[in-house]
Amino acid sequence: MDVYKFDDEIATINSIPSKRVYGERLITDEKTEMEYRLWNPNRSKLASALLNGLSEINLKKDSKVLYLGASTGTTVSHISDIVENGIIYAVEFSPVSMRKLSRLSQTRNNIVALLNDATKPKEYLNIIEKVDLVYCDVAQASQTKLFIDNMNIFLKSDGQGVFMIKSRSINVNIKPKTVFKEQEKILKANGYKIIEKIKLEPYEKDHICFLVERSF
């Protein structure tokens with residue numbers, strides 16, 4: 001996974017030189033003349049997970065990714081830099097967010113923007129192929145179920161899943177630690193094992209990142 005460190009910050013190589021996506025800072029290495037986009041952990045849960053130690057995620061230049069809850073494309077754009085020869089199927093339910101995401105897909109050819117409901121994966125079954133990674137960042141009570149449903153349909157047998165859990169979206173009356181344990185049990189009961197568990201503080205409160213694989 002091509003992510004680069006600059007002191008206490010991380011960055012990806014900018015696949016569209018001189019172009020910013022969300023106002024991020026650009027850095028040019030004078031020796032290599034490569035341009036990097038600093039990856040803001042306060043704007044991207046994946047960046048915060050990586051800074052907090054996520055290390056086993058397997059994203060290659062030709063990886064195929066299904067991204068659930070793509071929003072306006074902040075994190076999608078950095079994954080786009082990493083999987084430069086791959087493809088990202090970016091699913092977003094909000095028409096407002098889709099406007100920006102669609103514009104991003106017009107400048108980055110490896111992003112396919114899809115206005116769909118991630119709780120209904122069969123609606124985009126004929127559009128998306130099997131993928132190497134399912135990434136889920138959907139803040140709703142049914143987030144674990146929709147993650148599993150999409151994994152069961154679209155994930156390759158040797159693929160991975162990245163699950164960003166917002167405990168307050170599942171149950172605001174239960175301690176986050178308890179919510180996380182309950183969701184882990186559900187994942188295991190459905191045939192998935194947890195490879196890494198990364199809390200996202202101080203960047204995101206009451207969030208955790210699960211990196212999962214099939215257990216069979």
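**Exercise 1.** Find how strands S9 and S11 pair, and over how many bridges.

*Solution.* Start with strand S9 (residues 155-166), which pairs with S11 in the antiparallel sense over seven bridges. Strands here are DSSP runs of E with at least two residues, and helices are runs of H or I with at least four, numbered from the N terminus. Two strands pair if DSSP finds at least two bridges between them.

A note on the model: it is predicted, so local features need pLDDT of at least 70 and side-chain atom pairs count only at pLDDT 80 or more, while totals for chains, interfaces and linings use all residues. Residues are numbered from 1 along each chain as its sequence is written, and side-chain values use heavy atoms, with hydrogens and water left out.

**Exercise 2.** Which way does strand S10 pair with S11, parallel or antiparallel?

*Solution.* Strand S10 (residues 192-199) joins S11 in the antiparallel sense, over seven bridges. Here, isoleucine 194 stands opposite valine 212 of S11.

**Exercise 3.** Why is strand S11 called largely enclosed?

*Solution.* First, the term: buried means under 20% relative accessible area, exposed over 50%, and partly exposed in between (1.4 Å probe, protein chains only). Then look at S11 (residues 207-214): seven of its eight residues are buried, so the rest of the structure largely encloses this strand.

**Exercise 4.** Work out how many residues of helix H2 are buried.

*Solution.* Helix H2 (residues 74-82) has nine of nine residues buried, so it too is largely enclosed by the rest of the structure. Among them are Val76, His78 and Asp81.
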